[in-house]
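Subject: Structure for you to look at

Hello,

Here is the structure I said I would pass on. Please look through it first; my notes follow below.

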Amino acid sequence: MDTQEGTGMIPAAAEATRDELATPDRCRVVSGVLSRIGDKWSVLVVMLLSHGPKRFSELKRGVGSISQRMLTLTLRGLERDGLVTRTVTPTIPPRVDYALTPLGHSLREPVAALGDWALRHHGSIEASRHDFDQRGSGGADAPA
């Protein structure tokens, strides 16, 4: 299998596919999707719901520092995007359960992989932040 010059072990065919995805139209599509599934609250809600349906109060306790309003907005956004269902049971008071849709369940693996990556590299990232902060925030493009 040939590799493309300067890319290490990335096959030329994989490089071409990645380049094809980097068009302005495709970047806008990806950006729109990532704006929903990439925010920290959505990721946490998806992870909590990956273990089964939850009530609003269970989600709020599980996420911790999220406000009621932000959790409501996050759940609405996930529902709008087809990732979460909201089921109201007509009791007194009404019971509302949230669950992942099949599309939402398809996010479990990539979200878990991202979480695993974050846990594995947290120490390195913290060390880099510390080193950067010790040097000062001026980079190569900062005014002198």
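Helices H3 and H5 of this predicted model have axes that come within 10 Å and cross at roughly 75°. An angle from 65 to 115 degrees counts as roughly perpendicular, so H3 and H5 are roughly perpendicular to each other. On the H3 side, the contact is made by Trp 41, Ser 42, Val 45 and Val 46. H5 contributes Met 70, Leu 71, Thr 74, Leu 75 and Leu 78.

Next, the core. The largest nonpolar core has 18 residues, and H3 supplies the largest share of this core, five residues. At least two residues of the core come from each of helix H3 (40-49), helix H4 (56-63), helix H5 (68-80) and strand E3 (95-100). Val 45, Leu 49 and Tyr 98 have the most contacts inside the core. Val 45 is also one of the H3 residues that touch H5.

What does Leu 49 contact, leaving aside its neighbours within four places in sequence? The list is Lys 54, Leu 59, Val 84, Tyr 98, Ala 99 and Leu 100.

Then the sheet. Three strands form an open sheet in the order E1-E3-E2, and the pairing is antiparallel. Strand E1 (54-55) and strand E2 (84-89) stand at the edges; each has a single partner strand, so one side of each is left without a neighbour in the sheet. E2 and E3 run antiparallel and are joined by six bridges. In this pairing, Arg 86 stands opposite Tyr 98 in E3.

Along the sequence they follow the pattern α-α-α-β-α-α-β-β-α-α. The protein chain has 144 residues, and buried residues make up 20% of them. Of the contacts between residues at least 6 apart in sequence, 39% join residues at least 24 apart.

Last, confidence. The mean pLDDT of the protein chain is 83, and 80% of its residues reach 70 or more. Over residues 1-11 the pLDDT is below 50, and this stretch has 14 contacts in the model beyond near neighbours in sequence.

Regards

Note on methods
Residues numbered from 1 in each chain as written. Predicted model: local features only at pLDDT ≥ 70, side-chain atom pairs only at ≥ 80, totals over all residues. Heavy atoms only, no water. Core = buried A, V, L, I, M, F, W, Y, C linked by side-chain atoms within 4.5 Å. Buried < 20%, exposed > 50% of the residue type's maximum accessible area, 1.4 Å probe, protein only. Helix = DSSP H or I, 4+ residues; strand = E, 2+ residues; numbered from the N terminus. Contact = heavy atoms within 4.5 Å. Pairing = 2+ DSSP bridges. pLDDT = per-residue confidence, 0-100. Axes fitted to C-alpha atoms, helices over the stretch in contact; angles between N-to-C directions. Parallel < 35°, antiparallel > 145°, perpendicular 65-115°, else oblique.
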